[in-house]
Number of protein chains: 2
Amino acid sequence: MKSWAIAGIDLLLPVDRGPGVRRGLEATLRDAVRGGRLPAGTRLPASRSLAADLGLARNTVADAFTQLVAEGWLEARVGAGTFVAQARAASAPSGVPELPSRVIGAGEARHDLRPGSPDVSLFPRAAWLAATRRALAAAPHSALGYGDPRGRPELRGALAAYLARVRGVVADPEHLIVCGGHVQAVTLLSRTLRASGAAAVAVESPALPYLPTLVTRTGLRVEPLPVDDDGARTDLLGGPDVAAALLTPAHQFPTGALLTPARRAAAVDWAAGGRLLVEDDYDGEFRFDRRPVGALQGLAADRVAYVGTASKSLAPGLRLGWLVLPARLVGPVAEEKRYDDAQAPVIEQLALAELIGSGGYDRQVRRARLVYARRRAALVVALRDRAPHVTPVGKPAGLQVMVRLPDGTDEAALVEEALRQGVALDALAAYGSAGGAAPSPAVVVGYATPSGPRAWQAALDALCTVLGQV
Amino acid sequence: MKSWAIAGIDLLLPVDRGPGVRRGLEATLRDAVRGGRLPAGTRLPASRSLAADLGLARNTVADAFTQLVAEGWLEARVGAGTFVAQARAASAPSGVPELPSRVIGAGEARHDLRPGSPDVSLFPRAAWLAATRRALAAAPHSALGYGDPRGRPELRGALAAYLARVRGVVADPEHLIVCGGHVQAVTLLSRTLRASGAAAVAVESPALPYLPTLVTRTGLRVEPLPVDDDGARTDLLGGPDVAAALLTPAHQFPTGALLTPARRAAAVDWAAGGRLLVEDDYDGEFRFDRRPVGALQGLAADRVAYVGTASKSLAPGLRLGWLVLPARLVGPVAEEKRYDDAQAPVIEQLALAELIGSGGYDRQVRRARLVYARRRAALVVALRDRAPHVTPVGKPAGLQVMVRLPDGTDEAALVEEALRQGVALDALAAYGSAGGAAPSPAVVVGYATPSGPRAWQAALDALCTVLGQV
C-alpha cells in the first residue's frame with residue numbers, strides 16, 4: 001500500500017503492478033467519492049503529476065480518470081482539469097435506510113474517531129491470500145457443498161484450541177457455531193431465547209447503540225443494566241422474566257471498565273437455574289498492560305454463551321464471528337442459523353482455520369495490539385499535555401477509550417464543534433445511559449479507526465486541539 | 001485433484017506438494033468418515049501401497065494416518081492394519097438437529113442422486129484463487145470495514161450487468177442486495193413481508209421441502225399453489241390476504257416445468273396493486289436445448305423480487321446469493337439484512353465481481369452447462385434402454401429431472417429399495433403435493449450431485465438397475 005493525498009485527504013493505493021494498479025486506483029477514487037471523503041467539486045491533480053507522485057505510467061492514471069469520467073464519478077472540464085462530479089457525490093442510494101447507528105458506518109468527517117472499526121490498513125492481505133491458497137488446495141470437494149450449520153470442523157477445531165489457549169474459554173468444537181459476526185451472533189441468540197418463551201433480556205447501558213435494537217426486533221424486551229467503574233451493576237440484575245444478560249466483561253463498551261471478580265461471581269450466580277449470560281468478548285485479545293483477563297465463560301461454560309469476532313483482529317468486512325454455547329443451546333441456535341442462511345461461507349472459514357493453524361493469526365493479533373497500545377499511550381500523553389481538563393478512563397485495552405469531560409460540559413455541543421473542526425467522535429449519551437450510571441459528561445474516542453500512521457497522527461492532533469478548548 | 005478409491009469409494013486428493021498434500025489427505029479422509037462414505041470398520045490400504053498409488057512419499061501417508069488415529073477418526077489394530085474407527089463414524093454431533101430436509105445435506109448412500117447440489121468438483125479453484133488475488137490487490141482499505149448492507153458496489157455492478165445480459169433482468173445496482181444464498185434471500189423477504197403486515201404467501205407445491213418452513217418461521221402462513229405440466233397454476237392464485245407468491249418460472253422445482261407465457265402474464269396481473277412475485281431463478285443459466293427463457297422479472301420489475309444464487313453455478317459453500325428488488329422494497333430488505341448480519345462478507349463478493357468481470361464466470365457456467373447437458377442426455381438415453389417403463393419429464397434444463405413411474409407404483413417402496421441398492425433419490429411426495437396436481441407417482445433425480453465423471457457413471461448405472469426393476 002502506498003499512501004498519498006488529494007486535497008489533503010489521505011488515500012491509499014495498492015502497489016500491485018499491471019492492470020491491478022489501475023483497477024486499484026479506480027476503486028480507491030470511487031470509494032472516496034462515494035463515501036464523501038472527496039466532496040463534489042474537488043479538483044484532482046493532473047494525471048501527469050499524480051503519475052509521477054505514485055511512480056506509475058501516466059497512461060495508467062489517465063485511463064483510470066477516463067473510466068471514472070465515463071462512469072460519472074469524475075468530470076473533465078475543458079481547460080480546467082478533472083473534478084469530482086456533482087451528481088454521484090450528492091445522491092444517497094435511493095430508498096436505503098440511514099445507518100442504524102454511527103458505530104456501524106463510514107465516516108464523513110476528515111478525522112473519524114468514532115469507535116467500532118479497527119485500522120483496516122492492518123489487514124494482512126498477503127497472509128490471508130496465502131491462507132486461502134492453502135485452504136483451497138487442501139479442502140475436499142465436499143467442503144464446497146452444503147454442510148453443518150455450525151460451520152466447518154477445521155475452523156471450529158482451530159478456534160476451540162485458540163480460544164482455550166488465549167481466552168481461557170472451555171471450548172468443545174461441537175459446541176461452537178461460526179456466524180456472520182457479532183451482529184448475527186446476537187440475533188441468533190435472541191431469536192433462540194424468544195422461541196423458547198423468554199420475554200426480556202438485560203443489556204448494559206451504555207452499550208453499542210444498535211444492540212438493544214437487535215434484541216427488540218426479535219420480540220424481546222430490553223431491560224437496561226446500569227454500568228459503573230467496576231463494570232455492569234450485576235447487583236441490579238433481576239426481574240423474574242429476564243432470561244439473559246448481555247455483558248462485555250473484559251472491557252465494557254464503551255466505558256472501558258473491567259467487570260470485577262465479585263461481580264463475575266454474582267453474574268454466574270444469577271444465571272443459575274437456566275438463565276443465560278452472553279459474554280461479548282469483542283476485543284478480548286487487546287489488553288496492553290498485562291495478559292488479558294480470561295473469559296467469564298471459563299467460570300461457567302454451562303451458563304455462558306461466549307461471542308467472539310474477527311472484526312477487530314482482522315477486519316469487519318470478513319463478517320466472521322463465533323459462538324461457544326452451553327450444550328443445551330447448540331441444537332436450537334444451529335437450527336436458527338440453518339433457517340437464517342444455512343451456514344457461514346466455507347472458503348473464508350477454511351482460510352481462517354489455516355491462518356490460525358499456521359500461527360499467522362497470533363502474529364496479526366500481536367502486531368495490531370502493538371499498534372493500538374502505542375496509539376492509546378500516545379493519546380493519553382497528548383491529552384495530558386494539550387487537554388489537561390479531560391480524563392481518559394477505563395482499562396488500557398481495546399480500540400476505544402472514554403474521555404471524561406469537566407462537570408457541566410455540554411457533550412452535544414462539544415461533539416458538534418468537533419465535527420466543525422473535522423473531528424468525528426461520539427458523545428457518551430449516544431450509547432444510552434440508565435439510572436445515572438454515568439453522571440459526568442464524556443466522549444468516546446475510537447483510536448483504531450484512522451487508517452495508517454499518517455491519518456492517525458493528523459486525527460490525534462485535531463482531537464487535542466478540540467479537547468484543549470474544553 | 002487426483003481421484004482414487006478406498007474400498008470402492010471414490011475419493012479426491014488435492015495434488016499440491018509439501019505440507020498441503022498431507023493436510024489435504026487428512027481432510028479428505030476425515031470428511032469421508034464424517035459423512036459416512038467410509039463406514040466404521042472399513043479397512044484402509046497399507047500406507048506403503050497407498051503412497052505408491054498416489055505418487056506420494058510413504059511418510060506423508062503414514063503421518064496423515066498417525067494424525068487421524070490420534071484424533072480418533074482411524075484405529076490402528078496391531079498386525080491387522082488401519083481401520084475407520086467406530087466411535088466417530090457412529091456418533092452424530094451432539095445436540096444438533098437433523099437436517100431439515102434431505103435436499104440440504106450430505107449423502108450417506110454410495111450413489112447420492114438427491115437433487116440440490118451441483119457437482120462441486122467443477123468448482124474452479126484456480127480461477128477463484130486468482131480472482132481473490134486480484135480482488136485483494138485492488139480493494140481500497142475501506143472495503144474491509146463496515147459497509148452498505150446491500151453489499152459491495154463492485155459486485156452489485158457486475159451482477160446487474162450480468163443478469164441483464166444473460167437473464168434479461170432489469171437490474172439497477174442500487175436495487176440489488178447481496179445475501180447469504182437462496183435461504184437468506186427467502187428469509188429476508190419473508191421477514192420484510194411479515195413486518196409490513198402480510199399474512200400469507202403462496203408457495204408452489206411441490207417445492208423445496210424446507211421452503212414452506214423458511215416462510216412460516218417468520219410468522220407467515222403458506223398457501224400451497226398446485227403445479228402442473230405448464231408450471232404453477234397461476235389461475236388458483238388468490239386469497240385477499242395472500243401478499244406474495246414464490247415461483248420457479250424457468251424450471252419448476254422439482255417437476256422441471258416451464259411457466260407458460262399466458263401464466264406469466266396472469267401472475268404479473270395478479271401482482272398488480274402491491275402484491276409481490278418472488279422469482280427463484282435457482283438454475284436459470286442451465287437450459288440445454290435453447291437459449292434460456294428470460295426472467296419473469298424483466299416483464300414487471302416493480303412487481304417481482306428476483307432471487308439468484310452462485311450455489312448451482314459455483315458452489316453452495318460460497319453462500320452467495322442476490323436479490324433484485326422493486327424500488328419500494330430495497331430499503332426495508334436492506335434493513336432486515338443489516339439487523340440480521342450487517343452485510344455479506346466482502347472478500348468473496350469482490351472475488352465474484354472479479355470473476356464476472358474477467359469472463360471467468362461465463363466460462364464456468366458454459367463448462368458446467370455442458371457437463372450437466374451431457375449427463376441429462378445420457379440419463380434419458382440410458383433410461384430408455386434399461387428402464388423402459390419410466391419417463392423423464394420437464395424441460396431439458398437444470399440439475400435435476402423428475403421421472404414418472406407407471407401408475408400404481410409405490411414411490412416410497414421404490415425409494416427404500418433404491419437405498420438398499422446404494423442409490424439415494426427422492427420420492428415426489430417428499431416435495432409436498434397440493435390438490436392432486438401430480439397424480440402419477442414419480443421420483444426426482446439430481447444428476448449433478450455425484451462428484452466427477454467416475455462417480456456419475458457408477459451412479460447412473462446403479463440408477464438404471466433400480467428403475468429397470470419397475
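Analyst: Sorted by class, the lining of the largest cavity has 14 nonpolar, 7 polar and 4 charged residues (Ala, Val, Leu, Ile, Met, Phe, Trp, Tyr, Cys and Pro count as nonpolar, Asp, Glu, Lys and Arg as charged, and the others, Gly among them, as polar). Bear in mind that this is a predicted model, where local features need pLDDT of at least 70 and side-chain atom pairs 80 or more, while totals for chains, interfaces and linings use all residues. Residues are numbered from 1 along each chain, chains are lettered from A in the order written, and side-chain values use heavy atoms, without hydrogens or water.

That lining is made of 25 residues, and those nearest the cavity's centre are His182(A), Leu208(A), Tyr210(A), Asp280(A) and Tyr282(A). A cavity here is a set of points on a 1 Å grid over the protein atoms alone where a 1.4 Å probe fits but cannot get out, and lining residues have an atom within 4 Å of a point. In chain A, helix H7 (181–195) and strands E10 (242–247) and E11 (276–280) each give the lining at least two residues; H7(A) has the largest share, with 4. Helices (at least four residues) and strands (at least two) are DSSP runs numbered from the N terminus.

Over in chain B, helix H11 spans residues 346–357, and its 12 residues reach 16 Å from first C-alpha to last, close to the 16 Å expected at 1.5 Å a residue (1.5 Å times one less than the number of residues). H11(B) is largely enclosed by the rest of the structure, because 11 of its 12 residues are buried, meaning under 20% relative accessible area with a 1.4 Å probe, protein chains only. Among the buried ones are Glu348(B), Gln349(B) and Glu354(B). After the helix comes Gly359(B), with a positive phi near 85°.

Chain B also has an open, antiparallel sheet of 4 strands in the order E14-E15-E18-E17. Its edge strands, E14 (391–393) and E17 (426–427), each pair on one side only, where pairing takes at least two DSSP bridges. E17(B) meets E18(B) (442–446) in the antiparallel sense over 2 bridges, and Ala427(B) sits opposite Val443(B).

Lastly, the cysteines: there are 0 disulfides over all chains, a disulfide being two cysteine sulfurs within 2.5 Å. For Cys179(B), the nearest cysteine sulfur is that of Cys179(A), 17 Å away. Cys179(B) is buried at 0% relative accessible area, and Cys464(B) is buried at 1%.

Notes
Buried < 20%, exposed > 50% of the residue type's maximum accessible area, 1.4 Å probe, protein only. 1 Å grid on protein atoms, 1.4 Å probe; cavity = no way out; pocket = protein on both sides within 12 Å on 5 of 7 lines; lining within 4 Å.
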